[in-house]
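Dear colleague,

Please find the structure we discussed below, together with its sequence. My notes on it follow, and I would be grateful if you would read them with the model open.

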Amino acid sequence: EYKHEGENSNNNNNNPIDRQARWDRMFEALVQYKSIHGDTLVPATYPDNPQLGNWVDNKRQLYRLRLGAEEEDNNNNNN
């Protein structure tokens, strides 16, 4: 099982330095995934690295929420 050093439920996710370090680690794992698989289509339930699958799924959800909010703003501005 793939696990980053120091990643556990006791981490303080409110610390900006910790958040950035985790983001950097997960992005590097995504780069490695792409070098192996040729894409960034990590399954949400990726058995080789569950943390990566969860992280990418979370980023996709945030992206869709942002797109929906922008579309709603555009529709409101056109009225």
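Which residues form one aromatic cluster? The cluster consists of Trp-23, Phe-27 and Trp-55. Please bear in mind throughout that this is a predicted model.

**Overall composition**

The protein has two helices and zero strands. Of its 79 residues, 18% are buried. The protein exposes about 6300 Å², and carbon and sulfur atoms supply 47% of that area. Among contacts between residues at least 6 apart in sequence, 33% join residues at least 24 apart.

Helix α2 covers residues 50-77. Its 28 residues should span 40 Å at 1.5 Å a residue, and the end C-alpha atoms lie 41 Å apart, so the two values agree. The buried residues in α2 are Gln-51, Leu-52, Gly-53, Trp-55 and Val-56. The partner against which the buried residues of α2 pack is α1.

**Aromatic pairs**

The structure holds three aromatic pairs. One of them joins Trp-23 and Phe-27, which are stacked, with 5.2 Å from centre to centre and 10 degrees between the planes. Both residues belong to helix α1, where they are four residues apart and therefore separated by about one helical turn. An α-helix has 3.6 residues a turn, so residues three or four places apart point the same way. Trp-23 counts as partly exposed because its relative accessibility is 37%, which lies between the 20% limit for buried and the 50% limit for exposed. Phe-27 is likewise partly exposed, with a relative accessible area of 39%.

Another pair is made by Tyr-33 and Tyr-46. Their ring centres are 5.2 Å apart and their planes stand at 85 degrees, so this pair is edge-to-face. The pair links distant parts of the chain, since Tyr-33 is in helix α1 and Tyr-46 is in the loop between α1 and α2, 13 residues apart. Are these two tyrosines, Tyr-33 and Tyr-46, buried or exposed? Tyr-33 counts as buried because its relative accessibility is 8%, and Tyr-46 counts as buried because its value is 12%.

Val-31 is found in helix α1, which covers residues 16-37. With a relative accessible area of 39%, Val-31 is partly exposed. A residue needs over 30% relative accessible area to belong to a patch, and Val-31 therefore passes that cut-off at 39%.

**Thr-40 in the loop**

What does Thr-40 touch, not counting residues up to four places away in sequence? Its contacts are Leu-30, Tyr-33, Lys-34, Val-56 and Arg-60. Thr-40 lies in the loop between α1 and α2. At 36% relative accessibility, Thr-40 counts as partly exposed. Thr-40 and Val-56 are 16 residues apart in sequence, and their C-alpha atoms are 8.7 Å apart in space.

With kind regards

Note on methods. Residues are numbered from 1 along each chain as its sequence is written. This is a predicted model: local features need pLDDT of at least 70, side-chain atom pairs count only at pLDDT 80 or more; totals for chains, interfaces and linings use all residues. Side-chain values use heavy atoms; hydrogens and water are left out. Buried means under 20% relative accessible area, exposed over 50%, partly exposed in between (1.4 Å probe, protein chains only). The expected span of a helix is 1.5 Å times one less than its number of residues. Contact means heavy atoms within 4.5 Å. Rings of Phe, Tyr and Trp (its six-membered ring) pair if their centres lie within 6.5 Å; planes under 30 degrees apart count as stacked, over 60 as edge-to-face and the rest as tilted. Accessible areas come from the Shrake-Rupley method with a 1.4 Å probe; for residues, only the protein chains shown count as cover.
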